[in-house]
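I opened my notebook for a slow look through this chain. Here is what I looked up, in the order I went.

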Amino acid sequence: MPESDTRALAARRLAPLCLMLAVGSVLILLQDGAAGLNTGWEARFGPALSGLYAVAAALLWWRPRHMDAVVGVTLAFTGVYFLGALYEGARRDTAQGLYVVSANAQFLPLIYVGAFIALRRGAVWLSGALYLALLALYGVLYRDIVQAGGAYQQLSGHVWAVLLLVHPGCILALQYITALRGRLQQAEREAHEGKERFLAMLSHEIRSPLQSMLGSIDLLALRLHDDPGRRAVDRLRRAATQLEAHLRDVTEYTRLESPDWRLHEEDTDVAQLVQEVCDQMAPLAEHKRLALHCRLAEAAPGEPPLGIQTLDPVRVRQILINLLSNAIKYTPDGEVTVHAALHTAGARPTRLRIEVADTGIGIDPAQQHRIFEPHVRLEDPRGERVGGSGLGLAVVQRLVQRLQGHIDVDSLPGHGTRFTVTLPLRARGAPPV
Ligand code: ADP
């Protein structure tokens, strides 16, 4: 997720908290007011502070981009408010004054925490400035309160001294945690850049020779006329195609974790896309003597035509290729069927449903929840070793999630498996979600 989106999300999460603070501070003011505990400062500026929280909540919700400014100003005003309350409380030699000092003293560390969590810059400055103001006020009050004040004022002075001792520890700990977080983010970025470089290397250094190998294998097949030679070429082609598929899964799986991953939606002829994938996989099915049926809605009476839809054709193609190659791989005999159809609301298509069903080995119900995990490969009940990276379904599930759809599996061991992918469709020309 890009950083601006993350910040916007954080701002939206903070907004309800700010609203709660607005309501909570009003309730405390009312309760303390009823008990006669509010100082003049609190009575005067408390309602303004509650109002500020309400405004901040609205700004965070509707203008999340300005989160730093909104949080910075709100925290700074809150700090000034607490300092004023502490000052006024400490000047009273009464139990009420002591209550005001000890009650308000607790909140200053929360301001430091808020600043370090929500601000990208300036948290140290804000916390440091508040601490210096606390120290300065202590200096101003020292003679009157700590030296010459009454019993309550002296206790307030002690509370204040404790604050001065504890707060630098709070600020340093927060600074340390923030530095660690920064290093962690930096390490994540570097690891990701490493992966990206590796992917680029995979694409350029491996995919290109692999493509030329596949081309040469096809040329070789044209020249060989004897059976053993053809079988050898077939094995070569299968191995190279499998390698290409692993490479594609590893590349896509890594790419899916990238914060820069984007959908590339365009108007797509769905029937053509599905038919192309079926044609591409037909030789594999043929090689295993499986019947491959491609049932498109166009051909079925009563179903709306698939038509042109706005979707990411590369990703939908990859979902279909992975499901179809698994269906062929795990079906020793029988058939594999692809069925694509639309769900409509009135005249508008709302969802695309793609089913890939086979009459293969099936999946044990107890294991079905595991098959979407990366690198999970189930034991083949026939004891055969079939090649695979264990990433095919992990890629499919993540792609389906990114496309905001869902995938279901329905399988009976020994009878076959059906994967159903449902993808939401947006009206053509509508903005991306
Ligand atoms: P693999 O590379 O092993 O095919 P996948 O992630 O594509 O990895 O699939 C995970 C596991 O799910 C497979 O190892 C297999 O056991 C099971 N599986 C997937 N598709 C089917 C299917 N159509 N029929 C039976 N088992 C399947």
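**Starting at α11**

I began with the packing of α11: its buried residues lie against α8, α10, β6 (406-412) and β7. This is a predicted model, so I keep that in mind throughout. Next I listed which residues of α11 are buried, and I found G392, L393, A394, V395, V396, L399 and V400. After α11 comes Q404, and I noted its positive phi, near 65°.

**The cores**

Which residues have the most contacts inside the largest nonpolar core? I wrote down V274, L306, I319, L323, L352, I407 and F419, in a core of 47 residues. I then checked which elements give two or more residues to this core: α8 (227-256), α9 (270-287), α10 (313-329), β4 (335-345), β5 (348-358), α11 (392-402) and β7 (416-424). Another core lies apart from it, with 42 residues, including A22, A57, L126 and L130.

I stayed with F419 for a moment. Setting aside neighbours within four places in sequence, I found F419 in contact with L323, I354, E355, V356, I363, I371, F372, L393, I407, D408 and V409.

**Q368, in a loop**

I looked for Q368 and found it in the loop between β5 and α11. Is Q368 buried or exposed? Its relative accessibility is 15%, so Q368 counts as buried, the cut-off being under 20%. Beyond neighbours within four places in sequence, Q368 is in contact with I363, V409 and S411. I also took the C-alpha separation of Q368 and A11, which are 357 residues apart along the chain: 39 Å.

**S127, in a helix**

My next stop was S127, which sits in helix α6 (residues 123-147). S127 is buried, with a relative accessible area of 1%. Leaving out neighbours within four places in sequence, I listed Y112, A115, F116 and I171 as its contacts.

**A helix pair**

Last, I turned to helix α2 (residues 40-62) and helix α3 (residues 67-90), which pack at an angle of about 165° with their axes 10 Å apart. That angle makes α2 roughly antiparallel to α3, and the crossing of α2 past α3 is left-handed. On the α2 side I noted G40, W41, E42, F45, G46, L49, L52, Y53, A56, L59 and L60 in the contact; α3 brings M67, V70, V71, T74, F77, T78, V80, Y81, G84, A85 and E88. Sorting the residues of this contact gave me 15 nonpolar, five polar and two charged.

Methods. Residues numbered from 1 in each chain as written. Predicted model: local features only at pLDDT ≥ 70, side-chain atom pairs only at ≥ 80, totals over all residues. Heavy atoms only, no water. Axes fitted to C-alpha atoms, helices over the stretch in contact; angles between N-to-C directions. Helix = DSSP H or I, 4+ residues; strand = E, 2+ residues; numbered from the N terminus. Parallel < 35°, antiparallel > 145°, perpendicular 65-115°, else oblique. Left-handed = near helix turned anticlockwise from the far one by under 90°. Contact = heavy atoms within 4.5 Å. Nonpolar A, V, L, I, M, F, W, Y, C, P; charged D, E, K, R; others polar. Buried < 20%, exposed > 50% of the residue type's maximum accessible area, 1.4 Å probe, protein only. Core = buried A, V, L, I, M, F, W, Y, C linked by side-chain atoms within 4.5 Å.
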